[in-house]
Amino acid sequence: MDRTTGQVPPTDQALVAPPAGDPAGPVDTPPPDADPLAGRPRGTIGRLRIIGSLVVVACYVVAAVVGPILLQYDPVATDLKARLQPPGTRLPDGSLAVFGTDQVGQDVLAQMMQGARVSITVGVATLVLAGLIGVTAGLVSGYFGGWLDAVLMRLADVQLTFPSILLAIFIASILGPSVVNVVIVLSISNWVTFARVTRSQVLALKERDYVDATRTLGAGTWHLITRSILPASIAPILVVATVELGHVILAEASLSFLGLGTPASTPSWGMTIANGRDYLSNAWWISTIPGIGLAILVISFGVLGDALRDRFDPRLRSM
Amino acid sequence: MTAYLIRRTLFAVFVLWGAVTIVFLVLRLVPGDPAQLILGSDATQEEIAQLRDQMGLDRPLPVQYGKYLSDVVNLDFGDSYRYHRDAMDLVTERFPATVQLAVVATVIALLLGISLGVVAALRVNRLTDRLVSVFALLSQSMPSFWIGIVFILVFARQLHLLASGGKGGLDRMILPGITLALPFIAILIRLTRSGLLDVVHENYIQTARAKGLSERVVILRHAVRNALIPIVTVTGIEFGKLLGGAVIIETVFAWPGVGRLLIDSISARDYNVVQAAILMIAGGFVLINLVVDILYGYLDPRIRLGR
C-alpha cells in the first residue's frame, strides 16, 4: 500500500475523489492505454475545452448584462409596421433587426438578450438554492448517518424514481408562473444530485487521517464539518453544479415553453420559442434563432462540465 | 428471489405512496383555498362551497388525507369539469397513444444508439468515434421541444415529407418518435461504447483474439453481449422517463396522448384530470421500474444477493 502517493486506503478508493485542488499532476499525463477510456481529451485538449466553453459562457453573460442596456426591450410594446420582418431588415425606425422581428414587431435579438438574463439568473439562483439544500442534506446525512440518513436517502430514491419534469410541471401549475416559483420548482427537482455527491464525499472523507487528527486535537462537530470536510468536497460539488446548470437552463426553457415558467413580463427563451410556433410557415426565425442560442449555451455548459470532471474527478462520470 | 421480489414491490408501493402524498400536500399546502384554485376565479360561491364539501376541506388534514388515499386506491379522482366525465376514464383513453409513442421512441433509440455505440467503439479515437461523440453531445444538449419545431419546419413545412402532427399511421410517429428518442440515443451511445471498451481487456476477449478471430467478430459476438446487460436497466428507466418527456413532445406535435391532456387540463385548470394524469404517468413509471428490477434480478443473480 503506497500511502505516500495514494493517501487513501485502497478500500476507500471507489468512493474517494482526489483531494480538492489537487493540481493537474498525474491527471495531465496518463500512461498510454492505462485507462479504458483513454483518448478522452485531456492535457492540452482538456484545457482548450475548458477555455473554449468558458469563453462562450462569458459571451452569454456579457450579452445578458450589457445587451438589454444597449437594445431596449419592452415586453408590452407592439409595432405593427415592423412585425414578422426577416433577419437583417432595416426597420421603419431606422434600427437594424439582426435576427428579425416577432409577431408584434419586437426585435428578436433584444428579446434573446433579455431572455439570456432571465435564463441565466434562474439557472444560477436555482443552483444556489438546490446546492444549499442538497449540500446541507448530504453533509448531515453523510456525517451523522442513522435514521436521518435513511430518511433523506429514501426521499432521494423516491424522487429519482419519479420523472422530475412531471413534479416540476405539477408544482409550477399550482404555484403559477413567476420567476421565483420557477426557481423553487427547479430546486425541488434538483437537490438530489447535490445531496448524493456531497454524501459520498463526506462518507469517504470523514474516515481520513487528517479529519481524525483534527478531531483528536479537540475540534467540535461544526468545525470538523465546515473546516475539514466541506472544503475537501467543494471540487466535485462544483463539477456537478456546472453540469447541472445546463440541465436547469433546459428545464426552465421547457417549463416556459409549456407556459408554466416565467411570466410574459419577463420572457425567457422557452417562451419566445413557443410564441414563434404559430408563425413557422412565414417567420421561421422567431423559434429557430433563440433555440440555437439556447442550444449553444447548454452545449457549452455540457462541454465545460465534462472537461472539468475529466480533469478533476473522473469518478463522477457515473453520477 | 422471493425476498428480493417482496422488497422491490414494497419499494414500488412506497414510491407510489410518496407521489400521491406529494400531490395531496402540494394541493393543500399552497397558500389560498384549494377549491377556489381548482375552480378558478369565475366560479360561483355555491360551486366553491360544493367542492369544499366534496373535498372535505373543512375537516382536519389527516382526515382529508385518509379520504384522499382511499379515493386514489379506488382510482376515483372525481369528474372533469370540462368534459363532465370521470377524470380517470379520460386519462386511460389517452394512455395507449402515449405508450405507443414511447415504444416507437424506444425502438428507434435502441436501433440507433447501440449500433452507433458499437461503431464508435470499433473505431475508437478515430474520426468516426469523434463524430458519434459530438452527435451524442448534441442530442443530449439541444432542447427537445426546439428540435421538434425544427423537424416540423424542415420535414413537414419545407420538404413535405412527413406529417407534422396529429394521430395516425407510422409516418406521423416518426418525427415525434425521433425527437423523443434523441436524449435516450445519446445515453445508449455512451453506455454501449464505454461498456465495450471496458470488456475488451477481459480474459475471455483475449482468448477470443488468441483463437485468431477477427476484431469485428470478437466485438460483435463476444463483447457486445456483456455490454448489453446494463442496457436492460437503462432502457427500463429511460422508458419511464419517455412517458414524462412525452408531455412536452406531445404538445409540440399535437399528439393526443396523456401529456397533451395534462397540459390542456393545466391551462383549463381542470385539476381532477391533472391529478389523474400525473398519478397515471407516475404509476406507469414505477411499474416499469419494478418490472426492470425483477428482470434484472433474473438476469444477474449478483443483484438480488448484493442488496
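Me: What pattern does chain A follow when read along the sequence?

Reply: In this predicted model, chain A follows the pattern α-α-β-β-α-α-α-α-α-α-α-α, with 10 helices and 2 strands, where helices (H or I, at least four residues) and strands (E, at least two) are DSSP runs numbered from the N terminus. Residues are numbered from 1 along each chain as its sequence is written, and local features need pLDDT of at least 70.

Me: How do you know that chain A and chain B are in contact?

Reply: Contact means heavy atoms within 4.5 Å, and 42 residues of chain A are in contact with 49 residues of chain B. The area buried between the two chains, that is, the accessible area (1.4 Å probe) lost on putting them together, summed over both, is about 3,900 Å², of which carbon and sulfur atoms give 81%.

Me: Which helix of chain A gives the most to the side that touches chain B?

Reply: Helix 10 does, with 10 residues; helix 10 (285–312) is one of the helices that each supply at least two residues of that side, others including helix 4 (146–160) and helix 8 (221–257).

Me: How many salt bridges does the rule find across this interface?

Reply: The rule asks for a side-chain nitrogen of Lys or Arg within 4 Å of a carboxyl oxygen of Asp or Glu, and across the interface of chain A and chain B it finds 0 salt bridges.

Me: What share of chain A is called buried?

Reply: Buried means under 20% relative accessible area (1.4 Å probe, protein chains only), and residues that count as buried make up 52% of the 319 in chain A.

Note on methods:
Chains lettered and ligands numbered in written order. Predicted model: local features only at pLDDT ≥ 70, side-chain atom pairs only at ≥ 80, totals over all residues. Heavy atoms only, no water. Buried < 20%, exposed > 50% of the residue type's maximum accessible area, 1.4 Å probe, protein only.
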